[in-house]
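Subject: Structure handover

Hi,

Here is the structure we talked about. My notes follow below it.

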Amino acid sequence: MTVHFIGAGPGAADLLTVRAVRLLQQSPVCLYAGTYLDAEVLGHCPPDAKLVDTQHLDLDTITAELVAAHGAGQDVARLCSGDPSVFSAVAEQARRLDAAGVPWDVCPGVPAYAAAAALAGRELTVPEVAQSVVLTRTQRDSTRMPRGETLEAFAATGATLVLHLSIRRVREIAERLTPFYGADCPVVIGSRVTQPDELVLRGTLADIAEQTERHGLKQAAVIIVGRAVDSRDFVESHLYSGASRDPDVAQD
């Protein structure tokens, strides 16, 4: 039997992949983080499935649930918010499953930042404005950031920044980024995007902290910073330029 790490997307039940839904339907055990998911997502599980909310469980307890289900011959759906490739703790859990001899696989999902950008109607890469997107976080009550991975270092590139797990530090973030992007740099914050209580804030580095504090945002939000977020005067890419090009050669 297998533990399936499944990207649950930003929270909406209809933003799971077809593969994710199939895995949920065939798994008699489902572990999920109730903080981040709309309850309708669990509607894809079998009616008699064992549902375990992990938001208050430590890693040892979660691992024990996964190993026990495997020992009972049951597939497990381990729902991860957004996409499992970033900030999902899959690495820690998978390492423990390997040690216990439990097989596992990963089913990708829609990242929360992509859902926030979609709701804002913005592309995060705009020709000659920003061609890179940095996914990162800030440090508070969490593991240390690797050496060299500072907001200032990323901001110096001018790339679009997407900050996870950082909504409680918006004021500090704005202060640190303003010297690089300017106080008028656009910012989008998506909170619980695609869920019934979703909220999308649009502002600048000068006013986004006040907006965030006024709405009392504390968790389940992503912050997107960069000129691409609201850029309107930009050149067009070569992708659809109509210029003659070799169809066998990839174009920028």
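Which residues have the most contacts inside the largest nonpolar core? They are Leu161, Leu177, Tyr181, Ile189, Leu205, Ile223 and Val225, in a core of 24 residues. A nonpolar core here is a set of buried Ala, Val, Leu, Ile, Met, Phe, Trp, Tyr and Cys residues joined through side-chain atoms within 4.5 Å; buried means under 20% relative accessible area (1.4 Å probe, protein chains only).

First, the ground rules. This is a predicted model, where local features need pLDDT of at least 70, side-chain atom pairs count only at pLDDT 80 or more, and totals for chains, interfaces and linings use all residues. Residues are numbered from 1 along each chain as its sequence is written, and side-chain values use heavy atoms, with hydrogens and water left out.

Helix 6 gives the largest share, five residues. Helices (H or I, at least four residues) and strands (E, at least two) are DSSP runs, numbered from the N terminus.

Leu205 touches Ala174, Leu177, Tyr181 and Val225, among others beyond four places in sequence. Contact means heavy atoms within 4.5 Å. A second, separate core has 18 residues, including Ala13, Leu24, Ala77 and Cys107.

Now the helix pair. In helix 2 (residues 59–71), Leu59, Asp60, Ile62, Thr63, Leu66 and Val67 meet Glu92, Gln93, Arg96, Leu97 and Ala100 in helix 3 (residues 90–100).

Technical notes
Axes fitted to C-alpha atoms, helices over the stretch in contact; angles between N-to-C directions. Buried < 20%, exposed > 50% of the residue type's maximum accessible area, 1.4 Å probe, protein only.
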